[in-house]
Amino acid sequence: MDIQQACYRIQEEISGVVDRGDLAKTPELIRAITAAKRVFVAGAGRSGLMMRAFAMRLMQLGIDTYVVGESTTPDVRKDDLLVIGSGSGRTGGPVSYAQIAKSAGVPLAAITAAKDSPINQLAGIVIRLPAPTPKTHEVEKLPPSVQPMGSLYEQTLLVYLDGLIILLMEEMKISENVLYGRHTQLE
């Protein structure tokens, strides 16, 4: 396999996950994001990096957004929204965040590869991107990936989140120029 073939294979795998995905609650997630006073995002490892990229775009849309675990992240309240990206839905930190949000009455959305997980059970909105990960692979029979670890889930998560941004831009009637105007100059 050469690099071009590898890249095309990754694209095909992402398309397969999107085709198998349970994306029915996407309109509900868009309403929850636009209705929230503030949006908090969380994830661990590479999933956490994808969630940070999502936070950046939400901020550029003008949405008050925070990444859980940063030293400048304030307390979460009932009129906020917590969005967690977790392939397995079982990772310690994100499960803990979900439990805290639930006990505080904060709405929770989960974007996960898992059919069932502790985070899914706590979330009011669950978006499922069924990709094999080391933790979901043994529980479910998902098509294997040529990629290591949870790469396929993480890539599909980023593609899904970027798709959400496109839909939010349409919903909020915001152009790319507005987003670019909010892009940081401190780089």
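Which residues touch the most other members of the largest nonpolar core? Of its 36 residues, Leu-29, Ile-33, Leu-58 and Ile-111 do. A nonpolar core here is a set of buried Ala, Val, Leu, Ile, Met, Phe, Trp, Tyr and Cys residues joined through side-chain atoms within 4.5 Å. Buried means under 20% relative accessible area, exposed means over 50%, and partly exposed is what lies in between (1.4 Å probe, protein chains only).

Before going further, keep in mind that this is a predicted model, where local features need pLDDT of at least 70, side-chain atom pairs count only at pLDDT 80 or more, and totals for chains, interfaces and linings use all residues. Residues are numbered from 1 along each chain as its sequence is written, and side-chain values use heavy atoms, with hydrogens and water left out.

At least two of its residues come from each of helix 1 (3-20), helix 2 (26-35), strand 1 (39-42), helix 3 (45-60), strand 3 (81-86), strand 4 (108-112), strand 5 (125-128) and helix 6 (151-172). Helices (H or I, at least four residues) and strands (E, at least two) are DSSP runs, numbered from the N terminus. Helix 6 gives the most, with nine residues. In soluble globular proteins, nonpolar side chains tend to be buried together. For a close look at one member, take Leu-58: leaving out residues up to four places away in sequence, Leu-58 touches Ile-33, Val-39, Val-41, Ile-63, Thr-65, Ile-165 and Leu-168. Touching, or contact, means heavy atoms within 4.5 Å.

Now follow helix 6 to its partners. Helix 3 packs with helix 6 at an angle of about 10°, and their axes are 9 Å apart. That makes the two helices roughly parallel. Axes are lines fitted to C-alpha atoms, for helices over the stretch in contact, and angles run from 0 to 180 degrees between N-to-C directions. Angles under 35 degrees count as roughly parallel, over 145 as roughly antiparallel, 65 to 115 as roughly perpendicular, and the rest as oblique. On the helix 3 side, the residues that meet helix 6 include Met-50, Phe-54 and Leu-58. Their counterparts in helix 6 include Leu-157, Leu-161 and Ile-165.

Helix 1 meets helix 6 in another way: the axes come within 10 Å and cross at roughly 70°. That makes helix 1 roughly perpendicular to helix 6. Ile-10, Glu-13, Ile-14, Val-17 and Val-18 make this contact from helix 1, with Leu-152, Gln-155, Thr-156 and Val-159 on the helix 6 side. One of these, Thr-156, counts as buried because its relative accessibility is 0%. Setting aside neighbours within four places in sequence, Thr-156 is in contact with Ile-14, Val-17, Val-18 and Leu-129.

What about helix 1 itself? Its buried residues are Glu-13, Ile-14, Gly-16 and Val-17.

Pro-94, Val-95, Ala-98 and Ala-101 are buried in helix 4. They cover an arc of only 125° around the axis, which puts them on the same side of the helix. Strand 3, strand 4 and helix 5 (118-122) are among the elements that cover them. The face turned away carries the exposed Gly-92 and Ser-103. Just after helix 4, Gly-105 takes a positive phi of about 75°.

Most residues other than glycine have a negative phi. Met-149, in the loop between strand 5 and helix 6, has a phi near 50°. Met-149 is exposed, with a relative accessible area of 65%, and touches Pro-132, Thr-133 and Pro-134, not counting residues up to four places away in sequence. Lys-173 sits in the loop between helix 6 and helix 7 (176-181), with a phi near 55°. Lys-173 is exposed as well, at a relative accessible area of 73%.

Key:
Arc of directions from axis to C-beta.
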